Amino acid sequence: MKSLRLPRRLLLAGTGSAAVAALTGCQSRAATSPTSRPTTPSPGQPAGDETALRRKVASLLVVGFRGERVTDQDWIIKAVRDGLGGVILFDRDLETESVRNIRSPGQVTALVKALKAASPGRLIVSIDQEGGRTSRLNPSNGFPATKSQAEIGAQNSTAATRDWARGLVDGLTSIGVNLNYAPVVDLNVNPESRAIGKLDRSFSANPDVVVSNASEEIRVHRAAGVKTSLKHFPGSGSAAGNTDFEVVDVGSTWQRRELEPFQRLIRAGLADSVMAAHVLNRQLDATYPASLSPAVVTDLLRGRLGWQGPVVSDDMQAVAITRRYGSEEAVGLALRAGLDLLVFANQQVYDPDVVDKTLDTVVGLVRSGRLTEARIDQSVARVDTLRPKR
């Protein structure tokens, strides 16, 4: 398949949201549902029962926590009982440099079972299990070693990719994980990238290799009932730095062919969700990083590429956005840009009150008229497609 051809206006640095909106024009409006950019109500407009609204918002959050086991008194259990949408598991804690959630297969299986038992709904249990170095389930905690995406892409064998993916998925299903933030479909544009290339996270610089291997990986996940997330839209393969720890601008290095894996996998019906990157791409938006940009999420991803499913955030506590935006502003911008599932890893900072603070922020946005409850309902419906079946 040919690369997605974007008009030259989109590819000029500093075009910004207005230019992208003009670019997508009728095509964007035809592909995007009528409620994707809701009108703003007047301040004070009633928005329903606040308790119900808080539960809706809670269902859109995935949160990380400390602990190899949980009790009824732990804040994460209380949040899950109150309708928290999901959790994310980590092997190590960045701040304490100790075991966080995963010590052994038996231990983490019991942990996940306790979390699910506390949930009144269908809890999302998520993880980053890409293979290679980005594997939360690994030999240090009793799971088999796995090859990286770079190694699999170098082999570029359908049979080998399927076997590799089955190994990943067997680990996930054995402990009860139902959402894997994988595959990485970034092109290996810059092999020296500290975020992608140097960590062997990309299948290849060739879109055909990326799409064929990602397709097989997704099919294996789906066969086992595990959802996936294409990342990192609109492409982080040229990023010199890592958005977890610094502001990263790919405006001068990003190439339009980086959109091709996303476009082709979406068209093939192989996307369960798409993760928006925190990279600043001045070719697409002169002001906001991709994850907070209506030009990137609503106009480009939903409009031009036609994606109508859930859009997931990268870590909302990443330095790339917290350095410039406070947490409240970032949450509002993310939702207005079109994101649906907000992930708070609780790794860069550890905040047991992050759920309540985020609920207060979003409820305040709705009450003030800066966000509609219809917009929240739209995200709830999309995120529900990621939830496991009973």
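Colleague: Hi! What should I know about the model before we start?

Modeller: It is a predicted model, where local features need pLDDT of at least 70 and side-chain atom pairs count only at pLDDT 80 or more, while totals for chains, interfaces and linings use all residues. Residues are numbered from 1 along each chain as its sequence is written, and side-chain values use heavy atoms, with hydrogens and water left out.

Colleague: Thanks! How many aromatic pairs does a search of the whole structure find?

Modeller: Four. Rings of Phe, Tyr and Trp (its six-membered ring) pair if their centres lie within 6.5 Å; planes under 30 degrees apart count as stacked, over 60 as edge-to-face and the rest as tilted. One of the four is W75 with Y350: the centres are 6.3 Å apart and the planes at 70°, so this pair is edge-to-face.

Colleague: Where do W75 and Y350 lie?

Modeller: W75 is in helix 4 (residues 75–81), and Y350 is in the loop between strand 11 (342–344) and helix 13 (354–368), so the pair ties together parts 275 residues apart in sequence. Helices (H or I, at least four residues) and strands (E, at least two) are DSSP runs, numbered from the N terminus.

Colleague: How accessible are W75 and Y350?

Modeller: W75 is partly exposed, at a relative accessible area of 22%, and Y350 is partly exposed too, at 24%. Buried means under 20% relative accessible area, exposed over 50%, and partly exposed in between (1.4 Å probe, protein chains only).

Colleague: Which residue lies over the face of Y350?

Modeller: R66 does, at 4.1 Å from the ring centre. The rule is that NZ of Lys or CZ of Arg must be within 6 Å of the ring centre and within 35 degrees of the ring normal.

Colleague: And F233 with F262, what sort of pair is that?

Modeller: Edge-to-face, because their planes are at 90°, with the ring centres 5.1 Å apart. F233 sits in strand 8 (residues 230–233) and F262 in helix 9 (residues 260–267), 29 residues apart. Both F233 and F262 are buried.

Colleague: Let's stay with helix 9. How many of its residues are buried?

Modeller: Seven of the eight, so to speak a mostly covered helix. The buried ones are E260, P261, F262, Q263, R264, L265 and I266. Their cover includes helix 8 (207–223), strand 8, strand 9 and helix 10 (294–304). Just after helix 9, G269 takes a positive phi of about 75°.

Colleague: New topic: how many residues are in the largest nonpolar core?

Modeller: The largest nonpolar core has 103 residues, and those with the most contacts inside it are L84, L89, L115, F233, L342 and I376. Helix 13 gives the largest share, seven residues. Such a core is a set of buried Ala, Val, Leu, Ile, Met, Phe, Trp, Tyr and Cys residues joined through side-chain atoms within 4.5 Å.

Colleague: Last one: what does strand 1 pair with?

Modeller: Strand 1 pairs in the parallel sense with strand 11 over three bridges, and three bridges also join it to strand 2 (residues 86–88), again parallel. V62 has V343 in strand 11 as its bridge partner, while V63 has V87 in strand 2. Both faces of strand 1 (residues 61–64) are covered: L61 and V63 on one side, V62 and G64 on the other, all buried.

Note on methods:
Contact = heavy atoms within 4.5 Å. Pairing = 2+ DSSP bridges.
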